[in-house]
Amino acid sequence: MGNKKHISSVIAGTGSYIPEKIVSGDSFLNSTFYENGLILEKDNADIISKFSEITEIIERRYIDDNLLNSNIAAIAAQRALDDAKIDKETLDHIIVCHNFGDIHHGSNRMDILPSLAAKVKQQLEIVNPDCVSYDIIFGCPGWVQGAIQANYLIQSGDAKRVLVIGSETLSRIIDPHDRDSMIFSDGAGAVVFEGVEKEEPIGIIAHKTQTFAGAFASLLYMAKSCNPDATDGNTYMKMNGRKLYEFAVVNVPQVVKMAIDKAGLTIEDIKTVFIHQANGKMDNAIMKRLFKLYDKDAVPENLVPMTISWLGNSSVATIPTLLDLVLKEKVAGYKIKAGEYAVFASVGAGMHINAFVYRF
């Protein structure tokens, strides 16, 4: 008898959409920031400088006024399909991970009817009704959860090819009077996962997800503008930055370790960590804490590719965009080799934390 073959969920193609509009720190020099209902008396140049020091964000990207979230999701998707060199009609599922749907320029009203996945399927002009399309609303960890969902579908035998997209236009849901808004940006990344039979497991080999709703669901939430004079009734994305930082640094390393343990590996086996680009200092602290769990004092160089300094935090789009850039060797110092293990990990609204281990 021959060796039993495993169905593995492997990356067949990747694509991304990085908006062309670059928004530097200087773009906020004329902003009026409020805190606790009062105008911040600090000089804006100092606020921006301190912000960059804490987050490592120097610039971010915003989409053009004529584009919607579903548009940039479809562009990234088409690029992933082209990269995979597959017939789009052979897709079994399209999963679009986002948080705010389509928001038109000049408004902050959300539109998720129909789902973005249905809109993307329509824009890709896929006819096959067996290509089932739906959305995942899961905070910043949405794309990682979409990949885990794709793996379930492929492992079950129900699907052979699943397109998972992370796309967000946060520039249209941020409060211009909240300095935390300088963190957020727009973008889209897409990945085609394909089921292949292999004698040795490759692709997604283990995963772990946790939800800490109880005391932590309110760390990211929707609320009115920091400007007490605002009367338009709009609500904006808000966060308790300090508590969110503390939560992530304590809990994310534990979840990542659970996924690595489940894969039967140790941290030394991991050659690349694709972590959600939330805050540069926070990600560094998470990695240090992760290595401490393995009694290691130092994080190796060239383990964690980062794009946050020039792309900002585009929520669900950060990891698939980062993956696409690394695989296409557009992040200096990073090159993926066959047989290497990587970890994908994220944290965000919910609060959700998730991670999966992948073998290239």
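Trp-143 and Phe-344 are both buried, meaning under 20% relative accessible area with a 1.4 Å probe and protein chains only (over 50% would be exposed, in between partly exposed). Keep in mind that this is a predicted model, where local features need pLDDT of at least 70, side-chain atom pairs count only at pLDDT 80 or more, and totals for chains, interfaces and linings use all residues. Residues are numbered from 1 along each chain as its sequence is written, and side-chain values use heavy atoms, with hydrogens and water left out.

Now for the aromatic pairs. Rings of Phe, Tyr and Trp (its six-membered ring) pair if their centres lie within 6.5 Å; planes under 30 degrees apart are stacked, over 60 edge-to-face, and the rest tilted. That rule gives 10 aromatic pairs. One of them is Trp-143 with Phe-344, tilted, at 6.2 Å centre to centre and 45° between the planes. This pair ties together distant parts of the chain, with Trp-143 in helix α4 (residues 142-155) and Phe-344 in strand β14 (residues 341-348), 201 residues apart. Helices (H or I, at least four residues) and strands (E, at least two) are DSSP runs, numbered from the N terminus.

Trp-143 also forms a tilted pair with Phe-356, again listed at 6.2 Å and 45°. Here the link runs from α4 to strand β15 (residues 352-359), 213 residues along, and both partners are buried.

Two strands pair if DSSP finds at least two bridges between them. β15 pairs antiparallel with strand β10 (residues 203-211) over 8 bridges, and Ile-204 sits opposite Tyr-358. β14 and β15 also run antiparallel, joined by 8 bridges, with Tyr-341 opposite Arg-359. The hairpin of β14 and β15 has 3 residues between the strands, and Gly-350 takes a positive phi near 150° there.

Stepping back, the protein has 9 helices and 15 strands. Buried residues make up 55% of its 360 residues.
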